[in-house]
Amino acid sequence: VIAGYDYFSMRDLYAPSNKRLRHQLSAILNMAKYREEQLKFYNELCEPRKELIEALEEVHDENKQLHEQLAEAQASSRQKNAELDEIMQEC
């Protein structure tokens with residue numbers, strides 16, 4: 001069943017009638033119009049999705065940078081604490 005037309009036969013190929021051919025072509029055109037409308041709707045939905053994916057990638061990149069900064073800050077803090085402990089033991 002394509003485009004709501006489910007009674008296509010071999011006779012339509014070797015001895016088509018005007019009425020059946022017109023009906024078949026109409027079904028094909030209706031299917032093409034429907035597909036075009038659906039593609040337009042699909043594209044309208046995809047555009048905001050693309051923008052959201054780009055925003056998500058930016059947030060992931062920012063999150064990665066913040067994790068790296070946090071790791072550096074923690075390492076620096078551990079080093080300063082170790083130095084402070086040495087100074088406290090000397091006193």
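Here is a short chat about a predicted model and what its helices and surface look like.

The model is predicted, so local features need pLDDT of at least 70 and side-chain atom pairs count only at pLDDT 80 or more, while totals for chains, interfaces and linings use all residues. Residues are numbered from 1 along each chain as its sequence is written, and side-chain values use heavy atoms, with hydrogens and water left out.

Reader: How many helices and strands does the chain have?
Author: Helices (H or I, at least four residues) and strands (E, at least two) are DSSP runs, numbered from the N terminus. On that basis the chain comes to two helices and zero strands.

Reader: Which residues of α2 are buried?
Author: Buried means under 20% relative accessible area, exposed over 50%, and partly exposed in between (1.4 Å probe, protein chains only). Of the chain's 91 residues, 5% count as buried. In α2 the buried ones are Q24, A27 and C46.

Reader: Is L21 buried or partly exposed?
Author: L21 sits in helix α2. Its relative accessible area is 37%, so L21 is partly exposed.

Reader: What is the relative accessibility of D61?
Author: D61 is in helix α2 too. D61 counts as partly exposed, because its relative accessibility is 49%.
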